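Here is a short note to read with the structure open. Take the points in order and find each residue as you go.

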Amino acid sequence: MTSYDLVVRGKRIMTTAGEQPREIGVTGGRIVAIEPLGNGLDGARVIDLADDEVLLPGLVDTHVHVNEPGRTEWEGFASATRAAAAGGVTTIVDMPLNSIPPTVDVAALEVKRKVAEHQAFVDVGFWGGAVPGNLGDLRGLHDEGVFGFKCFLLHSGVDEFPPLDADEMERDMAELATFDAVMIVHAEDSRAIEKAPTPHGAKYDTFLRSRPRGAENLAIAEVIERARWTGARAHVLHVSSSDALPMIATARRDGVRITAETCPHYLTLFAEEIPDGATTHKCCPPIREASNRELLWEGLLDGTIDCIVSDHSPSTAELKLLDSGDFGLAWGGVSSLQLGLSLVWSEARRRGIGLAQVVQWMASKPADLVGLRSKGRIALGYDADLAVFAPDAAFVVDPDRLHHKNKVSAYAGRSLSGVVRRTVLGGRDVDVSGEPHGRLLRRGSVERMTGAPGAPDGTEVPAAPPEQG
């Protein structure tokens, strides 16, 4: 009888066909056998699921601001990847800001890889940045394995990552189309923001009016048209305005290569319940009304919105101005990397949406977005990145128990359903108090790290040299 490195057995294994009673055999960090429960697969290690547990594929979060180096006091690779693992996330893709230097050329990418290499508790990939003046750097970053390029259409919140105007974005898109890279866009129109009321003081309604839906709608329309004209792939980040969904759906029917995401805070929170002064809830674009939230859920269900990712955008507590509660001056960003699965599941089950659909939005679809063909599913040949999840267990969010470096949460005191009890990366349990064994990911391959399995295509890949929104 074949012996595997790891066998997982349970009545509820989330396969690509839904929950099934199965046994999973893992060798070399990959899923190499899936058999009916009772077949008696033998392994050096065996995990038997409890009756209230479901085995999920590890989540893939393609929108995380790690902020290291340069603003490591905001987060950092060690704390961010611990939080990810605790929340069942086994792969993150790091944004090119708010680190210093931002990831806008190959030298900056190498700096970031050196910093991350021995700190990652989960697998980590990187986005490149598209800023004024770095058109000539885009191909080099692509060849070095970034998963695509991020740009802003208004001030990013940090001076070292300036925005593109629409014409500059189009020029960069035309370049990216030559090697089929994706442009991911923070879509808010700077002119519309300038004409909106100025945010100030502690009233959330004043802040909300300073970032109107129209600003987001105008910018998304620009992204659609520039993608149409250039033939480039485009992805709209953190969609918060439900008004934009018909435009995205129509563009896709027209053949425009456009995808979209939204985030747990837009799906679980709403403007009417945010207290004045609650700057923990400030993010850009903002959390909108309850009616808007319901339409975002409809956009997920009809496929207009492809995936759900965290937009984990932390800062120090001091930058949140919790004492004054001034929305105009506080840093904008919501930290939810560790909580995303429980947040989304709690809302989804209330709407009668099954766990399999949540997994698709938070694991397989984000993996598809960035071309990680061995992530996001429990299937033969896929990485054995797994999460043991108890969907009916409940807990109350205590910020002090989160692994985020700064214990600031918009969800403090919130009761949630679903507890991640165990996370497995490449067939090995993740011990957030032990040694990290995450890998650095390149588009199309994986860098080998100590004790980690090989690249998805079976080749050895040498190791790299030793906001808002």
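1. Start with a term. A pocket is an open set of grid points with protein on both sides within 12 Å along at least five of seven lines, and its lining residues have an atom within 4 Å of a point. Keep in mind that this is a predicted model.

2. Now the largest pocket. It holds about 490 Å³ of space. Its lining has 21 residues. Nearest its centre lie Ala86, Gln338, Phe395, Val419 and Val420. Four elements are named as giving two or more residues to this lining: H1, helix H11 (340–350), strand E15 (386–396) and strand E16 (415–425). Which element gives the largest share of the lining? That is E16, with 6 residues.

3. Aspartate 61 stands opposite isoleucine 92 in E7. From E6 the chain passes through helix H1 (residues 77–86) and on to E7. This β-α-β crossover is right-handed.

4. Is strand E6 largely enclosed or largely open? Count its buried residues: 6 of the 6. Buried means under 20% relative accessible area. E6 is therefore largely enclosed by the rest of the structure.

5. Go to strand E1 (residues 3–15). E1 pairs with strand E4 (residues 42–48) and runs parallel to it, with 6 bridges. Valine 7 has valine 46 in E4 as its bridge partner. E1 also pairs with strand E2 (residues 18–27), this time antiparallel, over 8 bridges. Threonine 15 is partnered by glycine 18 in E2. A hairpin of 2 residues makes the link from E1 to E2.

6. Next, charges. Side chains of opposite charge can pair when their charged atoms come close. How many salt bridges does the model have? The count comes to 40.

7. One of them joins arginine 12 and glutamate 19. Their closest N and O atoms are 2.8 Å apart. Arginine 12 has 23% relative accessibility, so it counts as partly exposed. Glutamate 19 is partly exposed as well, at 33%.

8. Another salt bridge pairs arginine 213 with glutamate 289, at 3.0 Å between the closest N and O atoms. Arginine 213 lies in helix H7 (residues 213–230), while glutamate 289 is in the loop between helix H9 (264–268) and helix H10 (290–301). The pair therefore ties together parts that are 76 residues apart in sequence. Arginine 213 is partly exposed at 22%. Glutamate 289 is partly exposed at 25%.

9. Buried charges deserve a look too. Lysine 375 and aspartate 383 form a salt bridge, 2.9 Å from N to O. Are these two residues buried or exposed? Lysine 375 is buried, and aspartate 383 is buried too.

10. That pair belongs to a network of salt bridges linking Arg30, Asp123, Lys375, Asp383, Asp385 and Arg439. Find arginine 439 in the loop between strand E17 (428–429) and strand E18 (441–442). Arginine 439 has 3% relative accessibility, so it counts as buried. Its side chain makes a polar contact of 3.0 Å with the side chain of aspartate 383.

Technical notes
Residues are numbered from 1 along each chain as its sequence is written. This is a predicted model: local features need pLDDT of at least 70, side-chain atom pairs count only at pLDDT 80 or more; totals for chains, interfaces and linings use all residues. Side-chain values use heavy atoms; hydrogens and water are left out. Buried means under 20% relative accessible area, exposed over 50%, partly exposed in between (1.4 Å probe, protein chains only). Two strands pair if DSSP finds at least two bridges between them. A crossover is right-handed if, with the strands pointing away from the viewer, the path from the first strand over the helix to the second runs clockwise. A salt bridge is a side-chain nitrogen of Lys or Arg within 4 Å of a carboxyl oxygen of Asp or Glu. A polar contact is a pair of N or O atoms within 3.5 Å; within protein, one must be able to donate a hydrogen and the other to accept it, and residues adjacent in sequence count only if both atoms are side-chain atoms. On a 1 Å grid over the protein atoms alone, a cavity is a set of points where a 1.4 Å probe fits but cannot get out, and a pocket is an open set with protein on both sides within 12 Å along at least five of seven lines; lining residues have an atom within 4 Å of a point. Grid points are joined across faces, edges and corners, and a volume is the space filled by probe spheres set on the points.
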